[in-house]
Every structure is written in structure tokens, then in C-alpha cells.
Amino acid sequence: MFFIYDMALPAVNRALFANRSQIQLFISEVLRNLSLSSRFNFKTQSLQCLKTVTSQSNAVTVHRRSQLYRRICESNGDENSRATSNWTYAMWSAIVSSDGGNHSYMDLCKSAILSIMRGQLHGANGFLHQAIALAHQSHNTQAIIYTYSLMANLAYVQGELDNAEKLFKAAMSFMLSGGTPEDDNGVIEMSLKLATIYAGQNKNDLAETGFQFCTESLEAKLEKFKELPTEEQSEELRMETRLLLGLTLDSHARYMAATHRLSRAALDYKRALLICQEEQGETHPQSLVLLSDLATILDLQGRHDEALPLVKQAVELSREAGHPDQHVLLGNMAGVLLHNGLFEESVNLYKEALALAQSAGDEEAVEQIREGLKEVGNRRKAKKAETEVPKTETD
């Protein structure tokens, strides 16, 4: 989901470019076809913030909320939002200082953000279209970038991938043409979102190149931090960069799982887990989600004995901490128990997860948990049939 970091793993695990031209290829694609009018046609759809990765053969689900795209407006400044909120606040401050007190623009943005928080996406689109028109009229580059970013995120969570792609490219074009370096965290964050969009569009070459660009750029920045004199090092920027690297690893792991490249997904999740534990602690909600995700990937690989203790640890700690997505972790553990042949325990956990999911109004989780219960029933019947065949032959 988010905030993780790389510890000392073998170099083979690092996603590095074999050819520097790939970096330019990705940047060129980002900057291609950037002519945008200030208006786009959006379809109002339900807010889709749940990302699901399934395996047809194993019937195990990795079900989790996508923090990267759920955090559209970054309206609070807690530690959990550090990697993506710092740039947003810096941008907003620049807008306020350079806009000469243009309250009409700022009021429109605030109204859009409030509408997003209330789930009124159609209204948010209207406010943002008015805001981008004002930003262009005033030639305020920071306001243009900020508004396009909001519009792009909103388009993404509505499933409007083509529009989101164009809007992110527009925002990046203004950033880069204004002198923002290619390895700026704001540029890398948008590049990560574009890579995820390309993955959703099955543009696999662009997706892979995008993920690699983000990973290499962030790792290079972290190496540069080490070379700086102590008095020139920014702890805040260092941490933000490490957290963004973790976000990249997590996003790539989900992409690998979705395309059934489970070995690579497991490696990325391990790195992501180490980062999150290092930066935010072993009991942090995100650490527990990553622990559960890693367990599920191991389970999908048939490594059930390795998966079970990890997912058990995640669930036990989530109970103590009151994890907001506890029903997701319980559902994952129920799936692992199922593949370990522990049907009774699996059913009990599925039922507990179902009650929590229904209470939370998570309809997608409810459907998946019910599918899990059906799978338990099918496996019980199959096992019973296997045990009855020898008896019949003996008779």
C-alpha cells in the first residue's frame, strides 16, 4: 500500500536500468502529446479505491486499499501521509504566496477537496474545471500544476485512466519546463502514478520502464544523501525519499502479483516490509498489511508453511492495534489456513472477516469473503469424496 524502505538486500534485487536510454524513453513518453484543453469529459462513476490481485489457480486473494490513489487531496499532515503530502503543502504555499490572494481560485480548490471528501465527485470535477480556467487566466504555473494534479488523481480513482494519463503529463510538463529536475520527488511521484496507469492499460513496456525509472532515481538520490556533509543533509527530505521508494516497491509488487510474477512480487514485498518496519515500526498498520501481503504471495507460490506464521503475526498485531482494515487481514489469513487444510479455522476467520466487512460497508470484501467460504465448502466436499472412495472399493 504505502511507505516502505530498502534495507541491505543483495544488489540483484534492485530494479536498475540496463540502458540509460530507457530513462529518456520514459521521460519522452511522459512529455508526448501534451496539448490539452482545460476541459475534459468525465463520467461520474463510483469511487473505486480497492485494488485486488487474484490467482485463478489458487483462489487466494490479496485485497487491500490503494493508499497511493485514495489520498487525492492530502488534507491532513500526519506521518502516514508524509511521502506524498509534503509536496502538496509546498505547492499550496507557493500558490498562496504567488497568487496575490486570489481567493476565488483557492475557494474553488477547497470546495473541490471538500466535495471529494464527501464522495461528491461530479461536483468536484466542476470546481476543478473552474479552478484550472482561473489558473490559466492568471498564468500561475504553480496553481496550474496543483490543479492538474488534483484533476488527474480524481480521474484515476474514477477509472478514467486515459484522462488521468493526459492530466498527469500536463502537470509534469509544466513542472519540467519550469526547471524542476527530473529526479524531484514530485516528478517521481507522478511518474509512479503514470507507471501504474500504464500497468492498468496493459502497456507493459511503459509500465516496467516507469517503475524502473522511479526506483533508480530514488535509490540514486539516497546514495547522494550519504555523500553530503552532515550539515547539508535534510532528514525530512531523506525520509520522504525513502518512503517514496517504498511506495514504488509496493506498487511494483502489486503489478508483479497481478501479472503472476510471484517470485519478483515476493522480493519487492520483502524490501517494502523492511522499509516500513525501519521507518515506521513493526506494529505500524502499513507494516501489518505488507506482512499479510507477503504471506499471501508466499501462499500463492505454494509455500504455505512459510506463509502461515507471517499472516498469523499480522492478524495478532492488528487485533491489538485495532487495524482499520482488519477484515482484509483476516480474509487473507483465512485463505492461507484454507491451503494448509485447516478448514474449520478458515471458516471461523472468514465469518469474523465477513461481519467486519459488512459493518465497514466494504462490499467488494464481502463478495470476496463469501467466495472464500464457498471455496472452503468445495474443498471439504472434495476431501470427503477422496476418503469415501477406498471404503466403497473395500465393500
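**Close-up views of a predicted model**

**View 1. Ala-124 and the residues around it.** Ala-124 has 0% relative accessibility and therefore counts as buried (under 20% relative accessible area with a 1.4 Å probe, protein chains only). Ala-124 lies in helix α5, residues 121-137; helices here are DSSP runs of H or I of at least four residues, and strands are E runs of at least two, numbered from the N terminus. Leaving aside residues up to four places away in sequence, Ala-124 touches Ala-112, Ser-115, Ile-116 and Leu-154, where contact means heavy atoms within 4.5 Å. From Ala-124 to Lys-110 the C-alpha distance is 9.6 Å, at a separation of 14 residues in sequence. The model is predicted, and its local features need pLDDT of at least 70, with side-chain atom pairs counted only at pLDDT 80 or more, while totals for chains, interfaces and linings use all residues. Residues are numbered from 1 along each chain, and side-chain values use heavy atoms, without hydrogens and water.

**View 2. Helix α9 against helix α10.** Helix α9 (residues 204-227) packs on helix α10 (residues 235-258) at about 155°, with the axes 10 Å apart. This makes α9 roughly antiparallel to α10 (angles over 145 degrees). Residues of α9 in the contact include Phe-211, Leu-218 and Phe-225, and those of α10 include Leu-237, Leu-244 and Tyr-255. By class, the contact has 11 nonpolar, 6 polar and 5 charged residues; Ala, Val, Leu, Ile, Met, Phe, Trp, Tyr, Cys and Pro count as nonpolar, Asp, Glu, Lys and Arg as charged, and the others, Gly among them, as polar.

**View 3. The chain as setting.** The chain has 16 helices and 2 strands. Of its 395 residues, 54% are buried.

Notes. Buried means under 20% relative accessible area, exposed over 50%, partly exposed in between (1.4 Å probe, protein chains only). Axes are lines fitted to C-alpha atoms, for helices over the stretch in contact, and angles run from 0 to 180 degrees between N-to-C directions. Angles under 35 degrees count as roughly parallel, over 145 as roughly antiparallel, 65 to 115 as roughly perpendicular and the rest as oblique.
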